[in-house]
2 protein chains.
Amino acid sequence: MALKVVALAGGVGGAKLVDGLATCLPPEDLTIIVNTADDFTHLGLKISPDLDTVLYTLAGLADPERGWGRVDESWNFLETLGELGGPTWFRLGDRDLALHHKRTQRIERGESLSAVMHDLRERLGIEVTILPMSDDSVQTIVGTEQGDLAFQEYFVARRCEPIVHGFTFRGAEQAHPAPGVLQSLEAADLVIFCPSNPWVSLDPILAIPAIRPAIEPKPVYMVSPIIAGKTVRGPAAKMYSEFGIDPSALAVAQHFKDLLEGFVIDEQDAHLAKDIEALGMRVSSDVTLMQTRKDRFRLAQSLLQFACSIPLKEST
Amino acid sequence: MALKVVALAGGVGGAKLVDGLATCLPPEDLTIIVNTADDFTHLGLKISPDLDTVLYTLAGLADPERGWGRVDESWNFLETLGELGGPTWFRLGDRDLALHHKRTQRIERGESLSAVMHDLRERLGIEVTILPMSDDSVQTIVGTEQGDLAFQEYFVARRCEPIVHGFTFRGAEQAHPAPGVLQSLEAADLVIFCPSNPWVSLDPILAIPAIRPAIEPKPVYMVSPIIAGKTVRGPAAKMYSEFGIDPSALAVAQHFKDLLEGFVIDEQDAHLAKDIEALGMRVSSDVTLMQTRKDRFRLAQSLLQFACSIPLKEST
């Protein structure tokens with residue numbers, strides 16, 4: 001029988017692993033639940049950075065250099081907007097803009113984010129199911145020494161510079177999972193936490209009250225987003241440091257220890273395996289840096305094999 | 001004393017003559033009143049084709065080949081929008097889009113079209129005053145054998161193909177001139193009708209009740225938009241034919257005979273001079289086709305000289 005997999009993702013690392021999983025699994029057996037707490041409205045456009053990173057990556061349209069946005073992009077809209085006195089801090093490419101524009105118009109006409117994303121992924125030829133975590137608005141607010149900041153203000157405008165002391169997921173308590181989220185989790189044989197930021201990519205998904213209980217009974221496997229104390233991209237390691245926690249794969253495993261059955265660390269972190277196992281989970285060490293598409297496929301395959309292998313009883 | 005000039009314009013020919021006038025006159029002595037009855041909302045964007053043609057032309061940003069839109073334009077937004085199932089019949093360039101976006105956002109925040117255009121022209125370094133005819137919505141409806149069509153539907157989507165039997169300027173009766181329009185006309189020593197379409201560029205301006213009476217006491221001079229029975233661009237000649245009128249400079253002079261003191265025809269139409277003079281106006285024949293920027297300047301200069309020369313009494 002087919003293995004039904006649900007992956008939780010946000011950001012570039014998440015999108016890369018999801019691309020690997022999509023290569024390993026038949027599309028009907030993979031559902032991706034994507035963080036939308038980074039979503040915001042800018043220039044009147046409804047922007048969903050994490051959804052779009054997954055969308056562009058699975059469509060083969062993601063820019064490989066920048067790590068965000070589209071290939072073959074041009075910047076004439078933004079350049080001209082700047083000349084006319086408009087804001088340019090959030091980089092909007094001309095092609096990317098078309099996606100935001102289409103999404104905005106349809107949502108303003110009363111369609112749900114998930115309905116719009118369903119149509120957009122079909123138009124981009126993606127067969128895998130991609131679901132926003134919720135059609136309701138959830139907003140990550142970053143508590144910093146400079147006050148509370150909306151996520152994109154912290155992440156893009158201030159380049160993650162302010163020292164962080166906490167997060168609020170505004171609206172999460174009242175948010176309902178998007179259609180299909182709970183059904184896919186119920187049907188799942190395996191839940192994967194992608195190598196995404198624990199604080200601002202995965203925690204917001206888990207903050208929706210109905211989602212965490214649907215995950216708890218399932219085997220959950222995660223790939224560490226931290227390798228040798230650093231993230232490939234993004235501020236996760238910096239955030240751990242600012243909370244007074246040594247940034248490491250161990251810290252990530254501790255973060256999710258109540259949920260994880262298995263954890264994949266980078267082979268550079270093999271020395272942490274015993275401490276992580278002591279948290280009550282299986283550990284595998286692997287090459288986790290995904291530099292090529294082949295790396296994504298190989299890591300996804302290896303992760304699935306690890307998750308599906310029978311846990312060995314400890315020898316007594 | 002300085003000659004205060006107000007020019008009424010719409011379309012490419014209008015923008016070219018206005019550019020010539022702006023080269024001849026100090027900016028404080030020239031005001032351009034632009035047709036806004038072609039304005040429409042498309043993809044949620046407030047688009048003002050005639051205002052933008054004047055704006056781009058005076059800023060030196062108009063595309064010289066296409067006759068509309070901007071130089072150095074790219075089309076990645078529209079191409080991608082098409083791939084996502086959006087409409088592509090109205091050609092929106094990536095740079096052009098920035099202007100529409102800025103205008104739309106500001107109008108939606110409650111600013112008037114004229115206030116927004118004032119700011120945009122300053123940002124583009126244009127010193128001449130450019131006024132929309134009105135901040136109120138006026139819409140040209142083209143009555144055709146295929147029914148009533150919104151102007152852009154007739155002009156762009158159906159390429160002026162349906163046979164026309166009339167025009168309605170919806171909202172004109174209730175529209176107020178934009179701030180500055182009546183003041184500039186009152187102060188004007190000379191009003192110029194640019195070589196623009198009489199039916200759909202100039203008539204909508206004159207259809208605003210307060211504007212025509214402000215023009216009537218002034219010397220009005222016009223450059224014919226029809227040369228040797230044809231227009232350089234646009235459907236004016238085709239419209240005359242469809243009304244059963246032979247398209248010619250004479251037909252245009254007849255159209256505005258109650259307003260015109262002087263009329264400039266192309267030298268190819270010199271044989272019409274007597275018939276036009278018989279309508280009660282002065283006539284000058286000239287090279288009116290504006291192929292280069294120098295042509296615009298020369299025609300504007302020649303027009304001003306003609307208008308300022310003392311009308312010769314007919315010898316008895």
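What radius of gyration would a compact globule of 316 residues have, and what does chain A have? The rule for a compact globule gives a value near 20 Å, and chain A, with its 316 residues, has 19 Å, which agrees. The structure discussed here is a predicted model, and every value below is computed from it.

The secondary structure of chain A consists of 13 helices and 14 strands. Of the 316 residues in this chain, 48% count as buried. Among the contacts in chain A with a separation of 6 or more, 66% are accounted for by residues 24 or more positions apart.

One helix of chain A illustrates the burial. Helix α8 of chain A, which covers residues 198-206, is mostly covered, since seven of its nine residues are buried. The buried residues of α8(A) include the two prolines A:Pro198 and A:Pro204. Also buried in α8(A) are A:Val200, A:Ser201, A:Leu202, A:Asp203 and A:Ile205.

The sheet can be followed in chain B. There, seven strands form an open sheet with parallel pairing, in the order β5-β2-β1-β9-β10-β13-β14. Its edge strands are β5 (129-132) and β14 (282-286) of chain B, each of which pairs on one side only. From one strand to the next, the twist averages 20°.

Strand β9 of chain B (residues 190-193) and strand β10 of chain B (residues 220-223) pair in the parallel sense over three bridges. In β10(B), B:Met222 is the residue that stands opposite B:Phe193.

The loop that leads from α7 (181-187) to β9 of chain B contains B:Asp189. Is B:Asp189 buried or partly exposed? A residue must have 20 or more other C-beta atoms within 10 Å to be buried, and 12 or fewer to be exposed. B:Asp189 counts as partly exposed because it has 15 C-beta neighbours inside 10 Å. Leaving aside its neighbours within four places in sequence, B:Asp189 is in contact with B:Leu3, B:Lys4 and B:Val5. The C-alpha atoms of B:Asp189 and B:Val220 are 9.3 Å apart in space, while the two residues are 31 residues apart in sequence.

The relation between the two chains comes next. Two copies of a chain are related by a rotation about an axis and a shift along that axis. In this model, chain A is superposed on chain B by a rotation of 180° with 0.0 Å of shift along its axis, at an RMSD of 0.0 Å. That is the relation of a two-fold axis. The same surface serves both copies, as 100% of the contact residues of chain A recur in chain B. Which residue of chain A comes closest to the rotation axis? It is A:Asp94, whose C-alpha lies at 3.1 Å from the axis.

Finally, the interface itself may be examined. In total, 21 residues of chain A are in contact with 21 residues of chain B. On the side of chain A that touches chain B, the elements that give two or more residues are α3 (76-83), α4 (94-108) and α5 (113-123) of chain A. The largest share of that side, eight residues, comes from α4(A).

Terms used
Residues numbered from 1 in each chain as written. Chains lettered and ligands numbered in written order. Predicted model: local features only at pLDDT ≥ 70, side-chain atom pairs only at ≥ 80, totals over all residues. Helix = DSSP H or I, 4+ residues; strand = E, 2+ residues; numbered from the N terminus. Rg over C-alpha atoms; globule rule 2.2 N^0.38 Å. Contact = placed C-beta atoms within 7 Å. Least-squares fit on C-alpha atoms with pLDDT ≥ 70 in both. Pairing = 2+ DSSP bridges. Axes fitted to C-alpha atoms, helices over the stretch in contact; angles between N-to-C directions.
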